[in-house]
Amino acid sequence: MSASRRPALLATDPELASFVAAEESLQAETLRLIPSENYVSAAVLEASGTVLQNKYSEGYPGRRYYEGQQNIDRVEALAVERAKGLFGVDHANVQPYSGSPANLAVYLAFAKPGDTVMGMALPMGGHLTHGWGVSATGSWFRGVQYGVSADTGLIDYDAVRALALAERPKIIFCGGTALPRTIDFAAFASIAKEAGAVLVADVAHIAGLIAGGAHPSPVGHVDVVSTTTHKTLRGPRGAMLMCREEHAKAIDKAVFPGLQGGPHNQTTAGIAVALHEAAQPSFTAYAHAVVANAKALAAALLERGFDLVSGGTDNHLILMDLTSRGVPGKIAAKALDRAGIVVNYNTVPFDPRKPFDPSGIRIGTPSLTSRGLGVEHMPVVAEWISRAVDAAATSDEQALSGIRAEVADLMSAHPAPGLPLA
Ligand SMILES: *Cc1c(COP(=O)(O)O)cnc(C)c1O
């Protein structure tokens, strides 16, 4: 692949152009299993790289602080309408720069510094911004944290209720970054109601599954839905906050002027395109295929003797505990990377090891599904993972290069959306 797709960039800055071209090759040749990543379409890429970037648009459509918004207003209004239609919500704000600022806006809307907030602990599968200590959300607010039960790896809703009633948090977050199982939004809603808390579903990971009907929707159960747009939803890097009409003003005020200045209009355009794509029948098929692939991959890994947190998956994500294979997560992740299989090392619940050197790896099927791999490919993927983990244990570099060649061979037969053909 060459940088000639971008002649102006190549002429102006050949060094940078070469980095981008190299990244295209890497994304084309490798099996990308990081569950929060994906491949956006060429249409999303084009929309995200436009002159909309040149425009300042503080405010909202029809109520801006700068003139010349004739076209920008239409772009943002279209993104908002599509979000409302796709997720069935009264109100959508498409301006948050990313998932973390979106969540910060939720705090700004519903809590004061020092208030108690509740979310899932990071090492149990929650996100930093759900009140974890090293995050601003855990130092400016008093974060109390729930987890999963040690024997099942599942959320213990009775324990969540007991904690909520004891602590009376202002906000409860449900959702996370390493949860392989379906979230019971109705159960969280009854807990939040009893505790008098605002309930936020952070569906950053599963928004695409929800849009495609492959995971239950939190809409109707929760006060606010927070999501990134770039994970299973397959849009540009950004975020959205969605809610009932009663919270619309508070959410909008918190995003702007509470937390942000001008929205990234080129990203808003990319989000609008992604939402349009997500409303097509082909996206429903993709969302169901993501889950079918994850279930097939989990089954194939279990057959090869791997331990999976909670014993499997209901969604796009699998959390593997490598303790019984005798290989720490980081060493396995780095070996897999050399084998052309890209994952991240991850804590498992009750991990005896440290977060920067944990026991597990986290994998997922959104990217491979976007390239058209199906359940028939999952046994070979599991076999590669198994061979690479064994090779990591014996530092067998030759085995890793062998797997890398096999991976590249399969991937070359499944071109990725948005990437040039080899
Ligand atoms: C990814 C993620 C976020 C944060 O998104 P960024 O865009 O990385 O800031 C927030 N919450 C959850 C549950 C996530 O998975």
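Q: Which strand is joined to β11, and how many bridges join them?
A: Strands pair if DSSP finds at least two bridges between them; strands (E, at least two residues) and helices (H or I, at least four) are DSSP runs numbered from the N terminus. Here two bridges join β11 to β12, residues 317–321, and the two run antiparallel. D307 stands opposite D321 in β12. This is a predicted model, where local features need pLDDT of at least 70 and side-chain atom pairs 80 or more, while totals for chains, interfaces and linings use all residues. Residues are numbered from 1 along each chain as its sequence is written, and side-chain values use heavy atoms, without hydrogens and water.

Q: What is the strand order in the sheet, and which strands stand at the edges?
A: The open sheet has four strands, in the order β11-β12-β15-β14, with antiparallel pairing. β11 (307–308) and β14 (344–346) stand at the edges; each has a single partner strand, so one side of each lacks a neighbour in the sheet.

Q: Which residues are closest to the ligand?
A: A residue is near a molecule if one of its heavy atoms lies within 4 Å of it. The ligand is surrounded by 13 residues, the closest being S98, G99, S100, D202 and K231. Helix α5 (residues 99–110) gives the largest share of this shell, three residues.
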